[in-house]
Amino acid sequence: MLKANNLSQNNHTWLRNSIRSIPPVFYFLIIVFALFATLDQIFADGQMLTNPNIMMNIIIRGVALGIVAIGQTFVLIGASIDLSVVYVISVTSVLSSYFMQGDPANVPIAVIIVFIAGAIVGLINGLIITKLKINAFITTLGTSLILKGIINASFQNFAGEVPRSFEVLGYGRIGPIPISVIILLSITFIGWFILTRTRFGAHLYAVGGNVEVARLSGLRTDRILIIAHVICSITAVLTGLFVVSRIRAGAPWIGPDGVYDLESIATTVIGGTALSGGRGGVLGTLAGVLIFGVLGYSVQPIGSQPLSQECHPWDDCHYRGCQLHHPFKTRNCIKWRYP
Amino acid sequence: MKTDQVKSQITRLITLLKVFIKKVPPVYPTFLVIFIIVGYLNPNYRTFEGIFQFLRRSSPTAILAIGQMFVLVTGGFDLSVGSLISLVLFGSSILLGNDPSKLYSTLAIIFGIGVLIGLINGFSVTFLKVPSFITTLGMLLAVRGAAMYWTGGGPKGYFTDNFRMFGRGYIENVPIFGRFPISLIVLLVVFFFSYYIFHKSNFGKSALAIGDNARASHLSGANVRLIRMLSFVISSVFAVIAGVLVGGFGGISQTAGQGAEIQAISAAVIGGTILMGGKGSIPSAMFGAFTLEAMFNLINLLGLPKPYQDAVQGLIIIGAVAFASFKNRRK
């Protein structure tokens with residue numbers, strides 16, 4: 001009897017703890033969603049709730065930002081910052097489509113190349129930050145500018161093409177669920193697992209909280225930060241691969257067009273990760289990304305500011321307000337409809 | 001006996017020179033070297049006319065860098081200056097309405113907007129405790145959105161001549177120099193004003209102290225909130241001034257002001273300003289901007305493609321900060 005009572009109490013605290021461990025940003029997400037769904041019902045055609053394609057589009061549009069934001073979360077927890085993700089995304093998109101040239105046989109080699117390139121950028125970032133002791137903001141700004149210069153000097157616009165089979169990444173579905181959403185969720189899970197269930201995660205929080213204390217406790221702080229930067233760059237590569245599979249060809253403007261650097265930092269911070277490091281998590285970031293998605297969708301019909309909220313070139317036709325002014329839109333609508 | 005004296009004199013001179021070299025911020029020799037190379041490659045830069053052209057073109061960056069330095073020194077960032085320039089250009093194109101007599105009302109309104117944006121930035125950083133990176137990033141997006149919304153997506157009309165006068169006007173028949181650009185006068189006024197308040201007044205000393213340790217300076221009586229807010233207001237107002245100058249040179253363009261915040265931060269950092277606060281100087285920040293512009297000119301003169309400007313800018317930033325941190329560690 002006593003044992004059972006104890007057990008139920010344990011269950012109770014477990015439940016309470018797990019509710020507490022939900023980042024508060026999820027409540028904010030619910031509020032934002034409810035608010036904009038209501039506004040959508042009143043001021044617009046109310047398709048946000050009735051048309052499942054729109055909901056799906058909000059989520060898919062969040063995938064690109066979400067993957068890189070999860071990497072950014074790692075870096076921010078380590079009290080660092082990564083502004084170079086934008087051009088890692090551009091470099092990935094250009095290099096992958098340049099090496100694929102529309103031939104499925106080239107896919108593995110292209111993917112390997114872009115992952116190596118991304119890892120090298122992350123490694124360089126981490127090494128400069130830790131070994132030369134340069135502020136992370138300046139370092140990654142610098143590497144970002146260097147990548148921008150190189151990529152813009154070597155490629156003008158679309159380079160190469162992605163084979164049809166590669167588009168499965170962006171457009172494929174398993175049952176009703178898009179593959180991209182599965183990828184986002186699995187990356188979120190991996191990130192959550194690394195941060196909360198592995199030694200590296202604990203060390204990363206320690207380094208972000210106080211580098212000096214972590215170092216004096218015997219951690220190799222430099223190595224941990226470098227690994228965090230490599231992880232961040234690799235997630236940027238994944239985002240680049242996803243975006244290029246949506247657009248079907250890579251171009252240097254893809255990264256800056258999506259403002260992935262600032263938006264990934266903003267979503268991470270909205271998700272409760274401190275810019276000063278040592279606090280936060282991946283789940284909050286996911287909520288932040290969804291908040292951005294809802295806002296990005298809702299601002300258009302409600303505020304009728306089609307230009308203040310820019311469209312991605314790969315927005316679906318269901319995404320209202322985009323086809324009017326985006327140069328790629330008409331092509332989008334004809335060519336890249338949902339399967 | 002005599003040779004010994006001479007020798008000791010020489011060693012004294014050398015040590016003096018060493019001390020002097022250590023004391024001079026590295027930005028001045030860097031600028032001098034780059035500018036001499038530029039002058040060697042292009043004879044235009046050997047005349048007063050050419051040098052004034054160069055200074056005229058780099059004055060908006062210099063003004064932005066000085067404004068940015070005020071914020072950097074207190075330990076913040078101001079990323080909103082670039083889109084503030086866009087807003088100034090777009091907004092004044094509408095406010096002017098091709099009517100020269102509306103110049104003063106237009107200037108008053110855009111400066112009012114600048115002060116307002118600076119106050120909002122400062123308020124949210126100091127009272128709402130939002131990190132300045134996030135605040136000004138949000139402001140960047142909001143201001144760009146506002147500029148687009150106000151003008152319906154693109155600038156309208158053209159600037160009247162009396163508005164463009166600030167950027168491209170000259171004072172004719174000045175002794176010695178010939179023609180003296182008005183934008184350089186604006187830069188000098190901004191420079192002396194900021195030099196006074198940063199290096200000669202309590203404000204500057206407190207700002208440096210806050211950047212070093214906000215808590216300690218609060219406890220020793222500095223008004224941390226007021227000074228932080230003022231630094232944001234100064235940065236925004238200087239951005240408005242830079243916007244007016246940019247409008248004078250190039251007229252209106254869709255992309256004007258984009259990336260200006262990055263250039264301003266780079267210039268301030270090249271000028272020895274330390275991010276997260278505590279160190280900075282107005283003349284160095286100004287020369288940081290000149291160095292950056294001279295570097296861009298050099299890239300142009302060497303015939304490299306324009307995108308390499310970015311790559312070189314990135315290398316310079318990392319190099320400058322690496323040099324500064326290396327020097328600090330040796331101390």
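In this predicted model, the largest nonpolar core comprises 108 residues. The residues with the most contacts inside this core are F137(A), I138(A), I63(B), F70(B), F133(B) and F238(B). In soluble globular proteins, nonpolar side chains tend to be buried together. Leaving aside neighbours within four places in sequence, F133(B) is in contact with residues of chain A, namely I81(A), L83(A), F137(A), L262(A), I265(A) and L275(A), and with F77(B) and L79(B) of chain B.

The contact between the two chains draws 29 residues from chain A and 29 residues from chain B. About 2400 Å² is buried between chain B and chain A, and carbon and sulfur atoms contribute 84% of this area. Within chain B, the greatest losses of area to chain A fall on F133(B), D310(B) and I318(B), which together account for 22% of what that side buries.

One salt bridge is found between chain B and chain A; K148(A) forms a salt bridge with D310(B), with the closest N and O atoms 3.8 Å apart. On the side of chain B that touches chain A, at least two residues each are supplied by α6 (132–151), α12 (260–270) and α14 of chain B. The largest share of that side, twelve residues, comes from α14(B). D310(B) itself is located in helix α14, which covers residues 308–330 of chain B. With a relative accessible area of 16%, D310(B) is classed as buried, because the cut-off for this class is under 20%. Not counting residues up to four places away in sequence, D310(B) touches L145(A), I146(A), K148(A) and G149(A).

In chain A, helix α12 (residues 221–247) contains 27 residues and extends 39 Å from its first C-alpha to its last, close to the 39 Å expected at 1.5 Å a residue. Of these 27 residues, 21 are buried, so α12(A) is largely enclosed by the rest of the structure. R248(A), which follows α12(A), has a positive phi near 80°.

In chain B, the end C-alpha atoms of α4(B) are 22 Å apart, in agreement with the 22 Å that its 16 residues should span at 1.5 Å a residue. Since 14 of the 16 residues are buried, α4(B) is likewise largely enclosed by the rest of the structure. S93(B) lies in this helix, which runs over residues 81–96, and counts as buried at 2% relative accessibility. The side chain of S93(B) reaches the backbone oxygen of F90(B) at 2.6 Å. Just after α4(B), G97(B) adopts a positive phi of about 55°.

Conventions:
Residues numbered from 1 in each chain as written. Chains lettered and ligands numbered in written order. Predicted model: local features only at pLDDT ≥ 70, side-chain atom pairs only at ≥ 80, totals over all residues. Heavy atoms only, no water. Helix = DSSP H or I, 4+ residues; strand = E, 2+ residues; numbered from the N terminus. Buried < 20%, exposed > 50% of the residue type's maximum accessible area, 1.4 Å probe, protein only. Polar contact = N/O pair within 3.5 Å; in protein donor to acceptor, adjacent residues only side chain to side chain. Expected span 1.5 Å × (residues − 1). Core = buried A, V, L, I, M, F, W, Y, C linked by side-chain atoms within 4.5 Å. Contact = heavy atoms within 4.5 Å. Buried area = accessible area lost by both parts, 1.4 Å probe. Salt bridge = Lys/Arg side-chain N within 4 Å of Asp/Glu carboxyl O.
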